[in-house]
Amino acid sequence: MGTYILLIDDDSEDIELMTETILSIDQSSSVISFLNPLEAIQYLTTASLLPTLVILDINMPQLNGEGCLKRIRAIQGFESVSIVMQSTALPELGMIEKYKELGAIFVQKPSTYQQLKLMLTKLLAQIQEVTK
């Protein structure tokens with residue numbers, strides 16, 4: 001079974017591009033996506049299978065990335081799930097450290113397809129190494 005990835009981003013074009021890119025890198029991956037972080041949290045509270053990786057947008061109208069990250073970490077079993085926070089803009093000073101304290105890493109959203117594919121290739125390789 002491939003990597004199980006959960007995408008949470010309020011931009012449907014970003015979700016579509018990331019999903020297509022992940023599947024072009026690893027066809028055995030399974031991708032589930034949510035445009036609304038509150039719906040994602042609801043899904044995760046009842047999910048029978050934990051995702052291997054969560055990619056979470058920081059700037060969303062219903063609930064920002066930090067709030068969503070805290071709620072995900074509060075769900076039983078999600079203490080050690082790999083979470084990547086992302087945004088087109090660099091976060092405010094001190095926020096990257098705060099994400100690290102909550103067990104997540106920050107990556108800036110790539111501006112080209114090649115950069116996106118490279119970033120996702122590296123993330124998937126790291127995740128597959130950890131889950132061996």
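Which residue forms a salt bridge with Asp14? The partner is Lys109, with the closest N and O atoms 2.7 Å apart. A salt bridge here is a side-chain nitrogen of Lys or Arg within 4 Å of a carboxyl oxygen of Asp or Glu. The whole structure holds 6 salt bridges.

This is a predicted model: local features need pLDDT of at least 70, side-chain atom pairs count only at pLDDT 80 or more, and totals for chains, interfaces and linings use all residues. Residues are numbered from 1 along each chain as its sequence is written, and side-chain values use heavy atoms, with hydrogens and water left out.

**The network around Lys109**
- Salt bridges link Asp9, Asp14, Asp57 and Lys109 in a network.
- Asp9 pairs with Lys109, and their closest N and O atoms are 2.8 Å apart.
- That pair links distant parts of the chain, 100 residues apart. Asp9 sits in the loop between β1 (4–8) and α1 (12–25). Lys109 sits in the loop between β5 (104–108) and α5 (113–130).
- Helices (H or I, at least four residues) and strands (E, at least two) are DSSP runs, numbered from the N terminus.

**Burial**
- Asp9 is buried, at 0% relative accessible area. Lys109 is buried too, at 15%.
- Asp14 is partly exposed, at 23%.
- Buried means under 20% relative accessible area, exposed over 50%, and partly exposed in between (1.4 Å probe, protein chains only).

**A pair within one helix**
- Lys100 and Glu97 form a salt bridge at 3.6 Å, N to O.
- Both lie in helix α4 (residues 95–101), 3 residues apart, so about one helical turn separates them.
- Glu97 is partly exposed, at 46% relative accessibility.
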